[in-house]
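User: I'm new to this one and would like a quick tour. Can you take me through it in plain words?

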Amino acid sequence: MGLSDVIDDGLGGLSHNVITGRLEDLVNWSRSRSSWPATFGLACCAIEMMASGAAHYDIARFGMEVFRASPRQADIMIVAGRVSQKMAPVLRQVYDQMMEPKWVISMGVCASSGGMFNNYAIVQGVDQIVPVDVYAPGCPPSPETLIHAIETLHTKIEQGEIMRRRSESGAGAGIHVTEIPASSVPVLLGTR
Amino acid sequence: MTMIADEGAQELRPRSELTAREVMREVGAVLRLSEAEAAKLGDLPEDPDEDQTMVINMGPSHPSTHGVLRLMLELQGETVLRCKPIIGYLHTGMEKTGEQLTFMQGGTNVTRMDYASPLNNELVFSMATEKLLGIDGDIPERAQWMRMLLSELNRMSSHLLFMATNGMDLGAVSMMIYGWREREEVLRFFQKVTGLRMNHNFVRPGGLAADLPAGWRDDVLRILDMLPERLEEYDILMTGQPIWRERLQGVGVITPAEALALGATGPILRSTGVEWDLRRDQPYLRYDEVEFDVVVGTYGDAFDRYAIRLAEIRESMRIVRQILDRMPEGDYRIQDKKVTPPPRARIDESMEALIHHFKIFTEGFKVPEGEVYVAIESPRGEIGCYIASDGSPTPYRMHVRAPSFVNIQCLPHMMRGGLVADAVAVISSVDPVLGEVDR
Amino acid sequence: MTDTPHEDESAPATMHGCPVTDSRGQVVIHLGRDRYLEVMRVLVDEGFAMCVDLTAVDYLDYMDRSLPAGVEPERFEVVVNLLDIGQRRRIRARVQVSETDAVLPSLFDLHPGTEAMEREVFDMFGISFSDHPDPSRILMPEDWIGHPLRKDYEVGSIPVQFKGAPT
């Protein structure tokens, strides 16, 4: 197939199977299929989170097995466990260090609402600190529940708009992302 | 990873702010030396200048600190000079919440402390409550043996979790998969019995929440038949493997005197050669009627602690086999109207039973005044429960002596003079569960 | 049940001049602050070489608790659990600490393992330990105000509202 065929006949000049689609769908599909979670295990839920990464539940089936210790390499923060007042600033900093686009799963009732620990020590819902996309119920949620939460998030990612930043969507707790404007000098390809 | 959260005086202070006495006191007191003797120890470079040392921060969000433990290490080159664990990042206020919940509800609270062995937490809380009620001698035989069965299976699952995380921390990543594979088998049994994989709230004051389900014996036997072969695999993968031994032997050594002085219990104390296991030495439940060995180490290093835990899985299996032979028939909870809700069938036919049931679950039962401390052997060491009651249905004060909270104090002494590369191996060998450290 | 069979049934009413009581079969020695360190040292010599637990209770709402004659109830009690591994026995010490002068000498030099426990008691109850090597908070953030396990400290729970629930 030469380029001239396409120039002459348009798409009819292509001799092999080609699927066309929107770039957005492609990006969303690839994002949802390789979302890497940050290890943010706090309490009991962390054990179940690790259990879902292990042999029996195996979240590698969803492209999620690569738990990253560095927030710079992670896309999803799974807040697994109760967030104490002392941990809250740390959690926020880890979240801030993650690259956009980023998502948060609040795993377990303690992270979602404080759970049974309605007292001085526990932040009553991690959504007071970071914007949460999916809440997984349970104390602790079984790996099946976590997988369901992950699947829900994947659907959400696939339906999202790739260029929309969180500050515009109004989700979460009023997070403002400073966007650095791109260079105004056009980049010319193919020239030296 | 740097942290914006500055914890001030809780952090490791720079050397320039410390007096020589403060530095030596920590080491000397543990070794029970005088200050002069401690100053002569001299196994570390003498008073390095501050510009030769570096303080690094590890955690609280770190992949191998077993949760949210934060360590500050002072290094000279690769050598750890000082180390300080900073905890509290998972402080849940459970002792305060425990004062709000009735004795009936208290199990839901304590079971979330040591989430790797929740049944042991419930057990110690229930035993303390029963002692306050004065019914600790009247618990039915079947309940006692069922508690032992669950406690030992929980010890196995907890140690299997240790095998997984210890392997993962040391780079034997496939061990994580294996450890979890076996743990799932035990959890599946727990789910069948209690309805939950973790945080069961199954052991209640007066007995248990329910009887064992039909076919439980086959399920336990399946675990017992499967595990020996899998543990042999562990031996091949780790115990006999030169790399594994190199990484663990002689790392994180602690002496019996140090361990006793620091109050360490469980596998840490036993790794130094001190034979102390509450199951044998202050028997509770029916541990005096079963045969098992208390496994002790010799060198007090990380390898001994690993080997002890592996051997304890085998000992627990031995105990479980004896429990299977001796499990008596009978009631799974005490038939004391005061603490036991009426059976479900009675509620349908009797108004009194309904009222009684309602009162137990709303108001709870009153516990006589007094205070007790009850201790049992959890997979991590002595877990104790101190309850002071003022005669009301809620504890006046409920305190749990968490083994990990005390054991974690050993870290600075195990790491002192070691390499920073071994720090992870040492933390892993202590096997802390941060949920019970911070409570 | 965790008590040892070796425990003396006819436990004397006093031990080293301090009142001793029996609580559900467990031996409890009641101490004042003045003799705290001294008796603790004697107990170590008697074999109670391991301090397994040190905690405190705030008896603000329960001042009429039963105490042996001669022990004046104070607001705080520090509870120390000692263990004798050789003879497999336990003893518990209850130390009365006054509200106005909530200071106790530290057990660090005797039992280095109490370091974290004393910090926890300081953090949760505000009882200070003199000559403690590291008198700082341990569980709460450094800038936290108040001591949560005191009885006059609120639980800090926020009311739970069920949105959309029929009223």
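**A tour by question and answer**

Analyst: Let's begin with chain C and chain A: the salt bridges between them (a side-chain nitrogen of Lys or Arg within 4 Å of a carboxyl oxygen of Asp or Glu) number zero. This is a predicted model, where local features need pLDDT of at least 70, side-chain atom pairs count only at pLDDT 80 or more, and totals for chains, interfaces and linings use all residues. Residues are numbered from 1 along each chain as written, chains are lettered from A and ligands numbered from 1 in written order, and side-chain values use heavy atoms, without hydrogens and water.

User: How much area is buried between chain C and chain A?

Analyst: Buried area is the accessible area (1.4 Å probe) that two parts lose on being put together, summed over both. Here 13 residues of chain C are in contact (heavy atoms within 4.5 Å) with six residues of chain A. Carbon and sulfur atoms give 63% of the buried area, which comes to about 780 Å².

User: And what is the area buried between chain C and chain B?

Analyst: That contact takes 61 residues from chain C and 60 from chain B. Carbon and sulfur atoms give 51% of the buried area, and the total is about 5,000 Å².

User: Which residue of chain B forms a salt bridge with Lys151(C)?

Analyst: Chain C and chain B have seven salt bridges between them. In the one made by Lys151(C), the closest N and O atoms are 3.1 Å apart, and the partner is Glu99(B).

User: Which strands stand at the edges of the sheet in chain C?

Analyst: Strands here are DSSP runs (E, at least two residues; helices are H or I, at least four), numbered from the N terminus, and two strands pair if DSSP finds at least two bridges between them. Six of them form an open, mixed sheet in the order E1-E2-E3-E6-E5-E4. The edge strands each have a single partner, so one side of each is left without a neighbour in the sheet: these are E1 (14-15) and E4 (50-58).

User: What is the bridge partner of His30(C) in E6(C)?

Analyst: Strand E3 (residues 26-31) and strand E6 (residues 89-97) of chain C run parallel, joined by four bridges. For His30(C), the partner in E6(C) is Arg94(C).

User: Which element of chain A has the lowest mean pLDDT?

Analyst: pLDDT is the predictor's confidence in each residue, from 0 to 100. Chain A averages 79, and 80% of the residues score at least 70. Strand E4 (residues 134-136) of chain A has the highest mean, 91, while the lowest, 50, belongs to helix H7 (residues 166-169) of chain A.
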